[in-house]
Amino acid sequence: MTATNGRPAAGNDAGRGTGGGSADEGAGKGAGLDDTVAAVVRQWRSVHPALDTGPMEVIGRINRCAALLQQAEDAPLRRAGLSRPEFDLLGALRRTGHELTPSELAKETFSSGAAVTKRLKQLTERGLVERRGDARDRRVAHLRLTDAGRDLVDGILPEQLAYETAVLSVLAPEGQDELADLLAELLGRLEGRMGALRA
């Protein structure tokens with residue numbers, strides 16, 4: 001994670017899609033950084049110099065950062081015998097503070113109903129989640145954490161937050177704030193756009 005958002009430098013479009021500049025011109029604020037995405041961008045520009053690789057500089061770095069962060073963050077989950085999607089379900093039940101149905105859990109964790117059903121079966125068998133039937137509709141289940149499930153989430157979360165704090169310490173506090181604001185704007189616009197497409 002670097003202090004770059006991959007956006008092109010203002011007024012410098014010569015090398016970004018027109019083929020009129022060097023491979024590094026207009027490469028964005030991360031042009032001077034030797035990260036893996038910069039190398040990929042240079043390779044694509046040598047093959048297709050007329051293409052605008054600007055989006056790759058942003059999305060590629062977001063994806064790469066997410067992959068690297070997840071690999072390290074999953075360590076405490078593996079020690080607890082949990083997958084990340086399973087922990088997401090437990091976390092949703094913990095942070096909402098009330099019972100949720102499987103469909104509500106699917107929405108909270110951006111998962112399919114089938115995937116949630118499979119994970120809930122495993123978590124229930126481990127005694128981390130308990131199920132309560134609906135008195136009016138036997139097809140509906142209400143789920144909540146057991147004491148063991150709550151203790152597990154509360155034990156793992158501080159370790160994950162400590163790791164994330166250490167990772168972000170490479171950025172100054174104001175850089176963290178700026179990055180959070182930019183990502184919030186991007187996410188909000190994407191969620192609104194995707195929601196409109198699904199409607």
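Which elements cover the buried residues of H5? In this predicted model, the cover includes H3, H4, strand E1 (129-133) and E2. The sections below place helix H5 within the protein as a whole.

## Model confidence

The protein has a mean pLDDT of 82, with 80% of its residues at 70 or more. Over residues 1-28, however, pLDDT stays under 50, and the model has 63 contacts beyond four places in sequence for this segment. Where pLDDT is low, the predicted coordinates should not be read in detail.

## Overall architecture

Seven helices and two strands are present in the protein. Read from the N terminus, the order of elements is α-α-α-α-α-β-β-α-α. Among contacts with a separation of 6 or more, 53% join residues 24 or more positions apart.

Of the 199 residues in the protein, 28% are buried. The accessible surface amounts to about 12500 Å², and carbon and sulfur atoms account for 56% of this area.

In soluble globular proteins, nonpolar side chains tend to be buried together. The largest nonpolar core here comprises 19 residues, and Leu82, Leu90, Leu105, Leu120, Leu123 and Val129 have the most contacts inside it. At least two core residues come from each of helix H3 (84-96), helix H4 (102-109), helix H5 (113-125), strand E2 (141-145) and helix H6 (147-168). The greatest contribution is that of H3, which supplies five residues.

Leucine 105 illustrates the packing around one of these residues. Leaving aside residues up to four places away in sequence, Leu105 touches Leu89, Ala92, Leu93, Leu100, Val116, Leu120 and Leu143.

## Helix H5

The length of H5 agrees with expectation: at 1.5 Å a residue, its 13 residues should span 18 Å, and the end C-alpha atoms are 18 Å apart. The buried residues of this helix are Ala115, Val116, Arg119, Leu120 and Leu123. Viewed down the helix axis, the buried residues of H5 fall within an arc of 125°, and they therefore line one face of the helix.

Two of these buried residues, Val116 and Leu120, are also among those touched by Leu105.

Just after the helix, glycine 127 adopts a positive phi of about 80°.

Terms used: Residues are numbered from 1 along each chain as its sequence is written. Side-chain values use heavy atoms; hydrogens and water are left out. pLDDT is the predictor's confidence in each residue, from 0 to 100. Contact means heavy atoms within 4.5 Å. Helices (H or I, at least four residues) and strands (E, at least two) are DSSP runs, numbered from the N terminus. Buried means under 20% relative accessible area, exposed over 50%, partly exposed in between (1.4 Å probe, protein chains only). Accessible areas come from the Shrake-Rupley method with a 1.4 Å probe; for residues, only the protein chains shown count as cover. A nonpolar core is a set of buried Ala, Val, Leu, Ile, Met, Phe, Trp, Tyr and Cys residues joined through side-chain atoms within 4.5 Å. The expected span of a helix is 1.5 Å times one less than its number of residues. The arc is that of the directions from the helix axis to the C-beta atoms.
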